[in-house]
Amino acid sequence: MGRFVETTVAGEHVRAFVPPPLPPSPAIDVLGLLERLSLAERALGRLDGITVLLPRQELFLYMYVRKEAVLSSQIEGTQSTLSDLLQFELEAQEGAPFDDVREVSNYVDAMMYGLERLEKLPLSLRLVRELHERLLRSGRGGTKDPGEFRRSQNWIGGTRPGNALYVPPPVTELDGCLASLELFMHEEQSRLPALIKAGLLHVQFESIHPFLDGNGRIGRLLVTLYLCARGVLRKPLLYLSLYLKTHRADYYRLLQEVRERGAWEAWLEFFLDGIEKTANQAFEAATRIVELFKRDRERITTHGERVGSALRVHDLLQEHPYLTSNQLVERTGLTSPTVNATLVDLERLDIVKEVTGRKRGRVFAYRGYLEILNEGTTPLS
């Protein structure tokens, strides 16, 4: 269950928690988790399989990564939506808090960078620091030592160290905790299933809390990177932030119960349920998006007045569900009058919607696609 170390923070004497190395002792009761583990693995396999069937899997991945970035950042308090991020990326954004959108954009960058780096570098403390540097290199986290493990004490909850909900290990214990974490990433002696190890790694990282800022986002990203590194997922389509956002009270309670009572099995039940639900939601979303693209394409072919140009515009909207008419002219090679007439036709078919209400610099949204992507992304109050 770990040990407490007396330390002084901002003039207050507090007890900082030092988690024991993984795997837990006494050992995890894997037998009691087998049914949940089986359901989670089956859902993951189904999700991983659909990536082969998606006609343009890179588009689904592109959007799904961005949705996860929004949700993970919302848990940390940002107010940006997926629409804010997509419009920001196309330089068409209006009125969203700049720092919030920048933080979400940084998360996308860190995520994609991590997936690329896994091809050359094993999952390691070095890679974790590189991810953190990209996550915090601009915006509000720029002053919180991007890419560097903390050199001062932090705490979670409360207005000061003395009334904090949780005080992570002091700096003098940090190197040992992190070295043990890295060893556990690669050990095979415990023979624990990959999903179980991913759940253990997440809690251990959150308990160590090695950075001054961004620990939650890196800790959630670590789950997907670990499963990709272990070959459990071919594509990074599993992200738990919507589940954790929806059940955040249980999430924080269970993390604390692991620290206080060693309640690993209760946490893992919650974690595996989240894997199953998240994988099933992603599978259903992918299926609905494929059906939407097919249905709208048929509607254009059957009822459109400018079928050829409308199909070209529709193809681009699948890549970027927010586009201006000028961007469509540049990317399709169609003339401005043709693009504008095509957009009128697509509005008539209820496929696109103009979202600014302006005469100039108008932005058109792929309405049905965005409705699916936006599910669950309302910012926390």
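So, start with helix α10, residues 248–261. Its 14 residues at 1.5 Å a residue should span 20 Å, and the end C-alpha atoms are 20 Å apart, which agrees. The expected span here is 1.5 Å times one less than the number of residues, and helices are DSSP runs of H or I, at least four residues, numbered from the N terminus, with strands being E runs of at least two.

Quick housekeeping: this is a predicted model, with local features needing pLDDT of at least 70 and side-chain atom pairs pLDDT 80 or more, while totals for chains, interfaces and linings use all residues. Numbering runs from 1 along each chain as its sequence is written, and side-chain values use heavy atoms, leaving out hydrogens and water.

Back to α10: its buried residues include Tyr 251, Leu 254 and Glu 257. Buried is under 20% relative accessible area, exposed over 50%, partly exposed in between, with a 1.4 Å probe and protein chains only. Just after α10, Gly 262 takes a positive phi of about 65°.

Now, salt bridges: a side-chain nitrogen of Lys or Arg within 4 Å of a carboxyl oxygen of Asp or Glu. That rule gives 21. In one of them, Asp 273 meets Arg 36 at 3.2 Å, N to O. Asp 273 is in α11 and Arg 36 in α1, so the pair ties together parts 237 residues apart in sequence. Asp 273 counts as buried at 19%, and Arg 36 as partly exposed at 31%.
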